[in-house]
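Please keep the structure open beside you while you read.

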Amino acid sequence: PNKRQSECQMSTSDTTILFTDTEASTEFLSVRGDEVAVALGHVHEEIVRDVTTKHGGRVIASTGDGFLAVFSSCVSGVAAALDIRRRLGEYNASHPDAALPVRMGLNAGPVIEEGGDVHGLAVHAAARVTAKARTGQVLVSEAVRAEASSCRDWTFVYRGLFWLKGLQVQWRLYEPTSGEVADQASPLESRSPFVDRDNERAVLR
């Protein structure tokens, strides 16, 4: 297709982006073995696809270690993430010897959709937010918190200022909770504010 045709096939919209990720996936593979890891990956996928559809979102792609899904609103995205966390928690509780170490992150902003995929800085930032989470945790950006904070189904716990790889300013990250999240007073990043950032000291704007 020529350039004009390609441009007509692209669309830009404000979107809520959710990533799920298997933390320490290489170690997970080495400990579990390929067959078990693949089987658990199917469990991960089934939960994500089921919950995403339930909340009106779309699974865009598998990342190899997790999934990328999009939603039309931050409220839907946060609700889906908490639902996925609950479903994974139930699975892990009933399968303690085959627990899935999944973490999640959300961001919102303009994305370009083309050929069934999504592109843009907001997508990259969502992936970086996810990388700051721990197993069983959901972290969201300020943009998501601002839009979804009016919902009374959850509250947001401030988790500190984070350097996100490739971005020039620190980001405030929050954890949505219905009351089950412990250690609410301790920002995660406060223990090691400049991990892997020896050459970067951006100023918060």
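1. Let me start with Phe28, which touches Thr22, Gly33, Ala37, Leu40, Ala99, Leu100 and Pro101, not counting residues up to four places away in sequence; contact here means heavy atoms within 4.5 Å. Phe28 has its place in helix H2. With a relative accessible area of 11%, Phe28 is buried (buried is under 20% relative accessible area, exposed over 50%, partly exposed in between, with a 1.4 Å probe and protein chains only). Phe28 and Pro101 are 73 residues apart in sequence, yet their C-alpha atoms are 8.4 Å apart in space.

2. A word on where these values come from. This is a predicted model, in which local features need pLDDT of at least 70 and side-chain atom pairs count only at pLDDT 80 or more, while totals for chains, interfaces and linings use all residues. Residues are numbered from 1 along each chain as its sequence is written, and side-chain values use heavy atoms, with hydrogens and water left out.

3. Now the overall layout. The chain has six helices and eight strands, where helices (H or I, at least four residues) and strands (E, at least two) are DSSP runs numbered from the N terminus. Their order along the sequence is α-β-α-α-β-β-α-β-β-α-β-α-β-β. Of the 205 residues, 44% count as buried. Among contacts between residues at least 6 apart in sequence, 70% join residues at least 24 apart.

4. How do H2 and H3 pack? Helix H2 (residues 25-32) and helix H3 (residues 34-54) meet at an angle of about 120°, with their axes 6 Å apart. Axes are lines fitted to C-alpha atoms, for helices over the stretch in contact, and angles run from 0 to 180 degrees between N-to-C directions. The two helices are therefore oblique to each other; angles under 35 degrees count as roughly parallel, over 145 as roughly antiparallel, 65 to 115 as roughly perpendicular and the rest as oblique. On the H2 side, Phe28, Leu29 and Arg32 take part, and they meet Asp34, Val36, Ala37 and Leu40 in H3.

5. Next, the largest nonpolar core, which holds 35 residues; Ile84, Leu100 and Trp154 touch the most other members. A nonpolar core is a set of buried Ala, Val, Leu, Ile, Met, Phe, Trp, Tyr and Cys residues joined through side-chain atoms within 4.5 Å. Two or more residues each come from H3, strand S3 (66-71), helix H4 (74-94), strand S4 (102-114), strand S6 (138-140) and helix H6 (142-148). H4 gives the largest share of this core, nine residues. Apart from this core lies another, of 10 residues, among them Ile17, Leu68, Val118 and Ala126.

6. Leu100 deserves a look of its own. Beyond four places in sequence, Leu100 touches Phe28, Leu40, Val43, His44, Leu88, Tyr91 and Asn92.

7. Is Thr20 buried or exposed? Thr20, in strand S1 (residues 11-22), counts as buried at 2% relative accessibility. The side chains of Thr20 and His44 are joined by a polar contact of 2.9 Å, that is, a pair of N or O atoms within 3.5 Å; within protein, one must be able to donate a hydrogen and the other to accept it, and residues adjacent in sequence count only if both atoms are side-chain atoms. Other residues that Thr20 touches include Val48, Asp65, Phe67 and Met104.

8. Thr16 is also found in strand S1 and is buried, at 2% relative accessibility. A polar atom of the Thr16 side chain lies 3.3 Å from the backbone oxygen of Ser73. Among the residues that Thr16 touches are Ala69, Phe71, Gly77 and Leu106.

9. Last, please look at Phe71 in strand S3, which counts as buried at 3% relative accessibility. Phe71 and Ile17 are 54 residues apart along the chain, with 6.6 Å between their C-alpha atoms. The contacts of Phe71 beyond four places in sequence include Thr15, Thr16, Leu18, Thr52, His55 and Ala80.
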